[in-house]
Amino acid sequence: MDLFKVDFNAEYNHVIGLAAEKFGYDEDLQEVLKKALPAMLEGHSHEEKQLFYKMMSHTPIVVVDEDSPVNKKELERKYFGNINSHIIEGAHEESIYDQLEGDGSFNSEIEFDENANVVARKQYLYIKRANPEKHRNGYIKDRIDLFKTGINVSHLMHELGHAWCSEANPLEYEDGVLKERCGACTTEFTITPNGDGTYTRTRTGVTGLYVEEAFNTEMELEALSKYLNMGREATDALFKTGPLIKSNYQGAVSGVANHILTTPLGKDFQNYRLTGDKKYLDKINGAIEKTEAHQRRMDSSNESRGKDQVFLEPASDSIAEFLTRCKNVYYPDKENMTPFEILDNALNQSFDLGINKLKFDVFDDKSFGQYKALSYSALSDAYVPINQARDLILGKDSKSKEEQK
Ligand SMILES: [Zn+2]
């Protein structure tokens, strides 16, 4: 036992008690939170904990019974209120990510006044709860037994992670351009007056989404391991052998975050997610810009396809056509992208490749080889610059030092 370890449980329970009273949480959710908070917050600084507490005080957690459909419109009416009737949504391109319907999510909305100034930012998160009465066997029963509740605890901690990392400085708004930050992800909108008292809000870009999901998933897995009081390997195995089901970020995408956290840049990524302070982003970009891998990439920019994120539509064609499309679609304009954006693009590729793979029942050897080559090249685009930046920061002999350990 560590005699010098301060017991924060009274503090956590106080925060949970306040939120429970304000939002009417039942016993089940309160019990989960009493274990989730220590699991998520252990080892974090006082300031980081304060951000979490603040988030808890104004983010209702809505538990939806597994049989009730999630009516997002209704939830929005309830938690955002009757706002923004003068804001019209402009059209934007939908990604695979946009089309995914999860069993839980963190949602926020900005309230605008009649001149399109920001009045407030409102938010809530929802999560589904399985009914123990209905599951006498099968993996959901096993999951209920594991968590001792129908609430999917892992997923809840994931959404709490996004909410926590959106708490500090979430908005930037200048000259009709609004940037909304959720952890490492920034979504950009233009707000333009239509001349009749209405405004059109158009989503014009998303960056850092896959970096955010990678780090948030890695954080979720670490927290889960503490929640269950199991080692990390045993926790990861729950997704391989059951009863937990892997999310689309687990594996290749979250593995990159897991690796980055072992390098000196890990802390900068974490700090950037939690604070939104651009100095951490500058540090990350500055370190990677010095690498030979980054320089080489800048020099070989023969394909130029614009800075915007590119998306692969879910595949309906043959694997061969799909692979050709993959090759054509992921060559962003690297000269105009920061190393952070290039990393995000590499994770985006890895994510889309992973999702599309499931759509093909049969891979012939040649296609599988091509598919593997694409996945490999996406991941090496993520790993190689990070590893070189690490070696530069630690000094050239870092490799041999590691080997001596
Ligand atoms: Zn997420």
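I began with N229, which lies in the loop between α8 (209-227) and α9. Helices are DSSP runs of H or I with at least four residues, strands are runs of E with at least two, and both are numbered from the N terminus.

The model is predicted, so I kept its limits in view: local features need pLDDT of at least 70, side-chain atom pairs count only at pLDDT 80 or more, and totals for chains, interfaces and linings use all residues. Residues are numbered from 1 along each chain as its sequence is written.

Backbone entries. I noted that phi of N229 is near 55 degrees, a positive value in a residue other than glycine. N229 is exposed, because it has 10 other C-beta atoms within 10 Å. The cut-offs are 20 or more other C-beta atoms within 10 Å of a residue's own for buried, 12 or fewer for exposed, and partly exposed in between, with C-beta atoms placed from the backbone.

I then looked up A116, in the loop between β3 (104-112) and β4. A116 is not a glycine, yet its phi is positive at about 65 degrees. With 19 other C-beta atoms within 10 Å, A116 is partly exposed.

I found a cis peptide bond between G242 and P243, with omega about 5 degrees. P243 sits in the loop between α9 (232-241) and α10 (252-260). Most peptide bonds are trans, and most residues other than glycine have a negative phi.

Last entry, K128. I placed K128 in strand β4 (residues 118-129). K128 is buried, since 20 other C-beta atoms lie within 10 Å. Leaving out residues up to four places away in sequence, K128 touches V64, E66, D103, G104 and N152; contact means C-beta atoms, placed from the backbone, within 7 Å.

Technical notes. Contact = placed C-beta atoms within 7 Å.
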